[in-house]
Amino acid sequence: MKRVTWLLLALAVAVLVASPILAAEKAAKGRKAKGGSDALRGEYAIMASECGLTDQQKADLKAKVKARKDAQKAWMDANGDKHKALREAYSKAKEAGDKDAMKKARDELKGLDTERRKADADSMTAILTVLTAEQKAKWKAFHTYRTLMRRYKRLNPTEEQTAKIRAAAAAASKGLGAVAGDDKESRKKQGEIQKELQKTIEETILTAPQREALQKKPEKKPRPEKKPAKEKAAKAER
């Protein structure tokens, strides 16, 4: 009940902040990366925009991103061939029904993957040190909002609804931050908060037709018809 209360309080002020939020979001989407090859791009450009990074923070972020990419390349240079060989060894052992060889390859692959994930996590932690506590909260809120919009975008929400969803996500992200962790209990609590958040949005923000549309599975786009190889070859010769 408490969760519903703080989510509804967030929604109450959403209309007041709708215009500036949406204006900032549109500006972020429309803004292209400028400058040389060292300009922030993709996820990091979004981070800089959403969190309002200073020029110094942007410079620090670029350095951290470069260090992350360098670390990833170094890992691939050192382990890429080994990782590929282990995958091939596992496939051959599976085909041969050699359970011992399968287990050996699988265990070694698991060790390499764990090592890579830890390196990635460490480099991402270093990137987040660029942000202040308030900026980290903004980034968490944005991630929560973006995840929600993957669910609701196909319903074509209005600008007012989108702003309310974003406000609800910001409120819920505080609760999610309080139970951050990868253990079973933390994941359970995170799931409960996410479920409550979706329930609040669907009961208080979405219209009845939108709720009905949400229950229907989105239609799959038809795959383009494959042209026969002969037709492709003839076209290539022209």
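In what order do the elements of the chain run from the N terminus on? Colour by secondary structure and you'll read α-α-α-α-α-α-α-α-α. That is nine helices and zero strands, where helices (H or I, at least four residues) and strands (E, at least two) are DSSP runs numbered from the N terminus.

A quick word before going on: this is a predicted model, so local features need pLDDT of at least 70 and side-chain atom pairs count only at pLDDT 80 or more, while totals for chains, interfaces and linings use all residues. Residues are numbered from 1 along each chain as its sequence is written, and side-chain values use heavy atoms, with hydrogens and water left out.

**Stop one: the whole chain.** Of its 238 residues, 29% count as buried, meaning under 20% relative accessible area, with exposed over 50% and partly exposed in between (1.4 Å probe, protein chains only). Take the contacts (heavy atoms within 4.5 Å) between residues at least 6 apart in sequence: 71% of them join residues at least 24 apart.

**Stop two: the core.** Select Met47, Leu61, Leu148, Tyr152, Ile165 and Ile201, which touch the most other members of the largest nonpolar core, a set of 30 residues. Such a core is made of buried Ala, Val, Leu, Ile, Met, Phe, Trp, Tyr and Cys residues joined through side-chain atoms within 4.5 Å. Two or more residues come from each of α2 (42-51), α3 (55-96), α5 (133-152), α6 (159-178) and α7 (184-204). The largest share, six residues, belongs to α5.

Now centre on leucine 61. Beyond its neighbours within four places in sequence, leucine 61 is in contact with Leu40, Tyr44, Met47, Leu53, Ile127 and Val130.

**Stop three: α2.** Show the side chains of Tyr44, Met47, Ala48, Glu50 and Cys51, the buried residues of this helix. They pack against α3, α4 (99-128), α5 and α6. Just after α2, click on glycine 52, which has a positive phi of about 60°.

**Stop four: α6 and α7.** Their axes (lines fitted to C-alpha atoms over the stretch in contact, with angles from 0 to 180 degrees between N-to-C directions) come within 10 Å and cross at roughly 160°. That makes α6 roughly antiparallel to α7, the word for angles over 145 degrees.

To see where they meet, select Ile165, Ala168, Ala169, Ala172, Gly175 and Leu176 in α6, then Gln190, Ile193, Gln194, Leu197 and Ile201 in α7.

Note on methods. Parallel < 35°, antiparallel > 145°, perpendicular 65-115°, else oblique.
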